[in-house]
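Have the sequence and the 3D view ready as you read.

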Amino acid sequence: ETIEKKLICEKNVLNEIRRTLHNKVIQLTGNIRVYIRVRPLISSEQQLAATLATRPSSASGRPSSRGSIASASSSQQQQQQQEECFHFPGVADRKISGASKSPNYTSFSDLSKQTIELTEPHRDRGGLNPRRKKWKYGFDKVFNPVNDQADVWEGAEPLVQSAIDGHKVCMFAYGQTSSGKTHTMIGDSVNRGLIPRAVEKLFASKKEIERSFAGNVSVSIKVELLEIYNEDVFDLLDAEAGPKGQKIKIRLNSNEAVNNVVVEASSQDEVQGVLQLAQQRRCVKATKSNSESSRSHLLFTVRFELSSLTNEEMNRQGVLHIVDLAGSERLDKSGSQGTLLTEAKHINTSLSALSHVIQKLQEKSEHIPYRDSKLTYLLRDSLGGDSKTLCIVCCSPHQAHFNESLNSIRFAANASKVELKQGNKVDV
């Protein structure tokens, strides 16, 4: 028994060392870690690409009469239509001598980054030589259409571990509508997203911690689910949740919701049931851009609380926010009118506020406009200081969405420039 207690004590000391080193590694990567995910083409987009590829070169169906253009073969036109706008260069492909200072080549020469290259879609320039702009960026991780949910989770898991270790962590998905944000965060029964995988890890850690301390330590996992719809905050766990439910008032002297339902979960299945209920109550509608467009921001919060009966210094609380943002949309493409138009305006306004906060953090401004929207106000503690933040920017690979994808990448580039505050720098 004495040897067993000694081994347990040594294990706990080693775990504290691991916590300290893990936190330093996370800090060294920066205050905000940015990943890019380009989803594969869905079946309807593949059919549209095939239709564009076989479309005649003019409205009349006859070949163009412009000199050299008239000799362009049909196969060449198809190749131009089907040419991909996204490329994923390896380390050996970064031959950009003298171009690293260009704003179109952000962090591309940093060998510690993974890279993505965007090429402007082909346009008919009336017989002139094609000139297509290129943008090259480097990010902490870049997931191409071949990467699956497990690859994304592998990159996000260290931040979930930080929440278990007692830190504040926020992970959010950003991008245009229909870019794959909800799939990345929630997924389905076959391809699980970040939320169910994070919940599984939290309960596995709870079991391991309680077993290691032989009943002297207890761990509680509490869950909250909030929805920001038209700049109003709703509790999706409330009995009357939904667009007609009771709104939750936000205290002006704090960035936390009050009077909302907090569920203390005892199992992973219980959390999954709560999440499914909230998804049913979340506001989802059809637009021209997306048949199941989320019209609100979903904030999933898990509090991992550790309490020791023998050592108060071990008491800690980690907070994990996982946010599925509503997608930005262009009104001319989504065809939003009436209520949909009002929702789209609020969505775009709150996302603009988030972009503004990121910009001010990048500039190290003394005043950060967190109060510009309910979204940034609730995430205030997760976007600065010693918090750990992961931004997953989702993009559609289709040429018709190129401008929206480029804007999302530019947002990601600004977010990746946010550095640790002076007081949080790590000595190595």
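Here is a short briefing on one strand and its partners, then on one helix and a lysine in that helix. Keep in mind that this is a predicted model. Strand β7 spans residues 217-229, and helix α6 spans residues 194-212.

**Strand β7 and its partners**

- Is β7 mostly covered or mostly open? It's mostly covered, with 11 of its 13 residues buried.
- One partner of β7 is strand β12 (residues 297-308), and the two run antiparallel, joined by 12 bridges. To find this pairing in the 3D view, look for Glu 227, which sits opposite Leu 298 of β12.
- Another partner is strand β9 (residues 263-265), which pairs with β7 through three bridges, again in the antiparallel sense. Here Val 223 has Val 263 of β9 as its bridge partner.

**The turn between β7 and β8**

- β7 and β8 form a hairpin with two residues between the strands.
- Which residue in that hairpin takes a positive phi? That would be Asn 230, with a phi near 50°.

**Helix α6 next to helix α7**

- A handy bit of background: a pair of packed helices is described by how far apart their axes are and by the angle between those axes.
- For α6 and helix α7 (residues 268-281), the axes come within 9 Å and cross at roughly 155°.
- Angles over 145 degrees count as roughly antiparallel, so α6 and α7 are roughly antiparallel to each other.
- The crossing of α6 past α7 is right-handed.
- On the α6 side, the contact is made by Ile 195, Pro 196, Val 199, Glu 200 and Phe 203, while α7 brings in Gln 268, Val 271, Gln 272 and Leu 275.
- Sorted by type, the residues of this contact are six nonpolar, two polar and one charged.

**Lys 201, a lysine in α6**

- Lys 201 belongs to helix α6.
- Is Lys 201 buried or exposed? Lys 201 counts as buried because its relative accessibility is 17%, and the cut-off for buried is under 20%.
- What does Lys 201 touch, leaving aside residues up to four places away in sequence? Its contacts are Trp 153, Glu 157, Val 160, Gln 161 and Ile 164.

Key. Residues are numbered from 1 along each chain as its sequence is written. This is a predicted model: local features need pLDDT of at least 70, side-chain atom pairs count only at pLDDT 80 or more; totals for chains, interfaces and linings use all residues. Side-chain values use heavy atoms; hydrogens and water are left out. Buried means under 20% relative accessible area, exposed over 50%, partly exposed in between (1.4 Å probe, protein chains only). Helices (H or I, at least four residues) and strands (E, at least two) are DSSP runs, numbered from the N terminus. Two strands pair if DSSP finds at least two bridges between them. Contact means heavy atoms within 4.5 Å. Axes are lines fitted to C-alpha atoms, for helices over the stretch in contact, and angles run from 0 to 180 degrees between N-to-C directions. Angles under 35 degrees count as roughly parallel, over 145 as roughly antiparallel, 65 to 115 as roughly perpendicular and the rest as oblique. A crossing is left-handed if the near helix is turned anticlockwise from the far one by less than a right angle, and right-handed if clockwise. Ala, Val, Leu, Ile, Met, Phe, Trp, Tyr, Cys and Pro count as nonpolar, Asp, Glu, Lys and Arg as charged, and the others, Gly among them, as polar.
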